[in-house]
Amino acid sequence: MQPFDSSGMAPVSLSSCRELRYLKLKLHPLSPSSTDHKIISSITSVNLRTIIFTPNCQGLAHRALLCRRAWAPLDDVMCGLVEKLRTLWYDRTLELEFRFQFATLYPDLDYPAFMPRFRENGRVTILETLNGKVFRFAVRFFFTNHTTLPFLNRGSANRAT
Amino acid sequence: MHLPEELLDEVFGYLHEASLRTCSLVAKPWVYPAQRRLFSSVIITPYNYQSWKGNISPANAKLLRHVRSLQQGWFCRSPEAFEIDDPLADYYSSFSQLQSMILSGVSIGPDISKWVRMFSTFRHTLSSLALQIHLSWNTFVILVNYFPNLRDLKTGFHFWLDSGGRPPPLSKSLRGRPRSTTSTMGDHPIFSDLLSGLEMEYGGASYSQLVIDACANGIRRLSLNSCECFLQFVQFSAVDIS
């Protein structure tokens, strides 16, 4: 028996998955690769609710995740996906979820630079898997269900708006 | 004091394995609920196989019917050892309530009929199947289609498909092709609509697309683990994250 061809890193297409609701991608700690972009772009399911990223690196990666501008391509991809789905009568608010073992929001980070275009129409969530803490980024602001973060009391949340 | 079985079962749900073992020796009414918890999830490895085989007879259906989840891993075996049959072959017929199964390291040869006969006891109860084995495409299709109530399929890092004569690598024309809702056993099979969860590596192997397309009818939850992760993790260590 001959194995199937495994050369190259050809992305799979999800165009045939018409009922897809949740897509979970375990990927690069800082930003998705072009392969991941192509996979996301191939989605045609109007039942899509959440795309979940589980970065392969934990620890401080969430800090890098938030402050790096390398996410601009993903922002474009996500906007393109939503626009494409809207033409198929997609009427949901697409959620982009990042799952980290530990997550903290830092007051000195440039939150508006994080997926700004997608946040106009969709929702970004950062989920701390260890404690179930959830940070939500909506339209140019964020809020959290964790009230003990010190910088929130200092009004630093306004810096993120 | 005589407690109803439902109450005992609730209490035993809070106990760890060692406590459950002790409870199973206390009184006859405690045996069933304790064993039900103790044997609900079974992991068989080369390290505990002899102990398992020495203590539990394959004919002990009364005990083995408690097994809901079965995980077996034989990665320590040499390649020659893969030629032998599955060490649990005698036990399968007693797993009458099995719902979740992880097959790893066993060798499923071209004679799939022998395997499906062994799996017939839990054919209608199995809802989750994880494969970390090498097998042919045809065998894979027959195996997945054999369980009509399968809802979750997971292919692990050690999963590998051989073409086995067919099907050919995916052609672009296959994508988006209209499909019927019935399962077929042709070159491009379609799995049951009930199969709603798929987790797999997508290292670029051509069968990744075939598996996704075969599951496309009912798939709602898809989890893809990139094989690039490790390589990119190495690159990540050189990146300034400040």
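Chain A of this predicted model has a mean pLDDT of 72, and 60% of its residues reach 70 or more. Confidence in chain A is lowest in helix α5 (residues 150-153), at a mean of 35, and highest in helix α3 (residues 72-86), at 90. Over residues 1-8 of chain A the pLDDT is below 50; beyond near neighbours in sequence, this stretch has 21 contacts in the model. Residues 140-161 of chain A also stay under 50, and the model gives them 25 contacts beyond four places in sequence.

**Overall composition**

| Property | Chain A | Chain B |
|---|---|---|
| Secondary structure | five helices, six strands | nine helices, nine strands |
| Buried residues | 31% of 161 residues | 31% of 242 residues |
| Contacts joining residues at least 24 apart, among those at least 6 apart in sequence | 76% | 77% |

Read along the sequence, the elements of chain A follow the pattern β-α-β-α-α-β-α-β-β-β-α.

**Strands of chain A**

Strand β2 (residues 50-55) of chain A has side chains that alternate between two faces. β2(A) runs parallel to strand β3 (residues 95-100) of chain A, and four bridges join the two.

Strand β5 (residues 133-137) of chain A contains K133(A). The C-alpha atom of K133(A) is separated by 10.0 Å from that of Q101(A), a residue 32 places away along the chain.

**A backbone feature in a loop**

W89(A) lies in the loop between α3 and β3 of chain A. The phi of W89(A) is near 65 degrees, a positive value in a residue other than glycine. Most residues other than glycine have a negative phi. W89(A) has 7 other C-beta atoms within 10 Å and is therefore exposed, the limit for that class being 12 or fewer.

**The nonpolar core and chain B**

The largest nonpolar core has 71 residues. Those with the most contacts inside this core are L20(A), F95(B), C215(B) and I219(B), a set that includes residues of both chains. The largest share of the core, six residues, comes from helix α8 (residues 206-215) of chain B. Domain 2 (40-126) and domain 3 (161-242) of chain B each supply at least three residues to this core.

The surroundings of I219(B) can be given residue by residue. Leaving aside neighbours within four places in sequence, I219(B) is in contact with C17(A), E19(A) and L20(A) from chain A, and with L195(B), S196(B) and L198(B) from chain B. One of these partners, L20(A), is itself among the residues with the most contacts inside the core.

Helix α7 (residues 137-146) of chain B has seven of its ten residues buried, so this helix is largely enclosed by the rest of the structure. The buried residues of α7(B) are W137(B), N138(B), T139(B), F140(B), V141(B), L143(B) and V144(B).

Methods:
Residues are numbered from 1 along each chain as its sequence is written. Chains are lettered from A and ligands numbered from 1 in the order in which they are written. This is a predicted model: local features need pLDDT of at least 70, side-chain atom pairs count only at pLDDT 80 or more; totals for chains, interfaces and linings use all residues. pLDDT is the predictor's confidence in each residue, from 0 to 100. Two residues are in contact if their C-beta atoms, placed from the backbone, lie within 7 Å. A residue is buried if 20 or more other C-beta atoms lie within 10 Å of its own, exposed if 12 or fewer, and partly exposed in between; C-beta atoms are placed from the backbone. Two strands pair if DSSP finds at least two bridges between them. A nonpolar core is a set of buried Ala, Val, Leu, Ile, Met, Phe, Trp, Tyr and Cys residues joined through C-beta atoms within 7 Å. Domain bounds come from an automatic or database domain assignment.
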